[in-house]
Structures are given as C-alpha cells and as structure tokens.
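Subject: Predicted model, with notes

Hello,

Here is the model you will be working with. My notes on it follow below.

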Amino acid sequence: VQAGEVVEVSLDGDGVEFGLGEHACPGQAIAVLIVDAMIGALEVLGCNVDIDAMTIGADGRATTLPLNS
C-alpha cells in the first residue's frame with residue numbers, strides 16, 4: 001500500500017454477526033484481535049480512525065472506518 005492510496009475493507013457484509021449464547025461465533029475473539037491489530041498498525045503509520053466520521057448501520061455496527069493522518 002502506497003502513501004495516500006485508498007484501501008477499502010467492508011465492515012458491512014452479510015454474515016458478519018457474532019451471535020449470542022450457544023450461537024456465538026467461535027471466531028469472535030480472533031476477529032476482534034485482527035481488527036485491533038489493523039487499527040494499531042494504522043496508528044503506527046501515523047493514521048488515526050476518525051470516530052466522528054464513522055458510518056453506523058441500522059444494527060449499530062460500523063460500516064466504514066474513515067482514517068485521517
């Protein structure tokens with residue numbers, strides 16, 4: 001990825017829910033760690049997640065992860 005290049009990662013795909021109780025996703029902990037690591041890597045590169053510019057879907061989940069530097 002080159003400086004200034006836009007990278008789009010969909011956070012709003014079908015089947016991206018973790019579920020609850022006995023129907024909880026067994027990969028939830030790993031998925032959360034991956035996103036945390038992605039955000040950490042972006043911060044190391046000097047980018048920050050612009051929380052105020054995030055788009056939130058009807059289910060309360062973020063559908064965009066806007067960055068600023």
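Helices (H or I, at least four residues) and strands (E, at least two) are taken as DSSP runs, numbered from the N terminus. The model is predicted, so local features need a pLDDT of at least 70, side-chain atom pairs count only at pLDDT 80 or more, and totals for chains, interfaces and linings use all residues. Residues are numbered from 1 along each chain as its sequence is written, and side-chain values use heavy atoms, with hydrogens and water left out.

Overall picture

The protein chain contains 1 helix and 2 strands, in the order α-β-β from the N terminus. The mean pLDDT (the predictor's confidence in each residue, from 0 to 100) is 77 for the protein chain, and 83% of the residues score at least 70.

Of the 69 residues, 4% count as buried. Here buried means under 20% relative accessible area, exposed over 50%, and partly exposed in between (1.4 Å probe, protein chains only). The accessible surface of the protein chain is about 5,600 Å², and carbon and sulfur atoms account for 59% of that. Accessible areas come from the Shrake-Rupley method with a 1.4 Å probe; for residues, only the protein chains shown count as cover. Of the contacts (heavy atoms within 4.5 Å) between residues at least 6 apart in sequence, 22% join residues at least 24 apart.

Helix H1

Ile30 is found in helix H1, which covers residues 28-44. After H1 comes Gly46, with a positive phi near 95°.

Gln28 also lies in H1 and is partly exposed, at 32% relative accessibility. Its C-alpha atom is 6.2 Å from that of Phe18, 10 residues away along the chain. Ile30 is exposed, at a relative accessible area of 54%. Together with Ile34 and Met38, Ile30 makes a nonpolar surface patch of about 280 Å². Patches are made of residues with over 30% relative accessible area and no salt bridge; like charges are joined within 9 Å, and nonpolar side chains (Val, Leu, Ile, Met, Phe, Trp, Tyr) within 5 Å. A salt bridge is a side-chain nitrogen of Lys or Arg within 4 Å of a carboxyl oxygen of Asp or Glu.

The strands

Which residues does Val49 touch, not counting those up to four places away in sequence? They are Ile39, Met54, Leu65, Pro66 and Leu67. Val49 sits in strand S1 (residues 48-49) and is partly exposed, with a relative accessible area of 21%. Between Val49 and Ser69, 20 residues apart along the chain, the C-alpha separation is 8.8 Å.

Leu67 belongs to strand S2 and counts as partly exposed, at 40% relative accessibility. Beyond its neighbours within four places in sequence, Leu67 is in contact with Leu42, Asn48, Val49 and Asp50. Leu67 and Val6 are 61 residues apart in sequence, and their C-alpha atoms are 9.8 Å apart.

Regards
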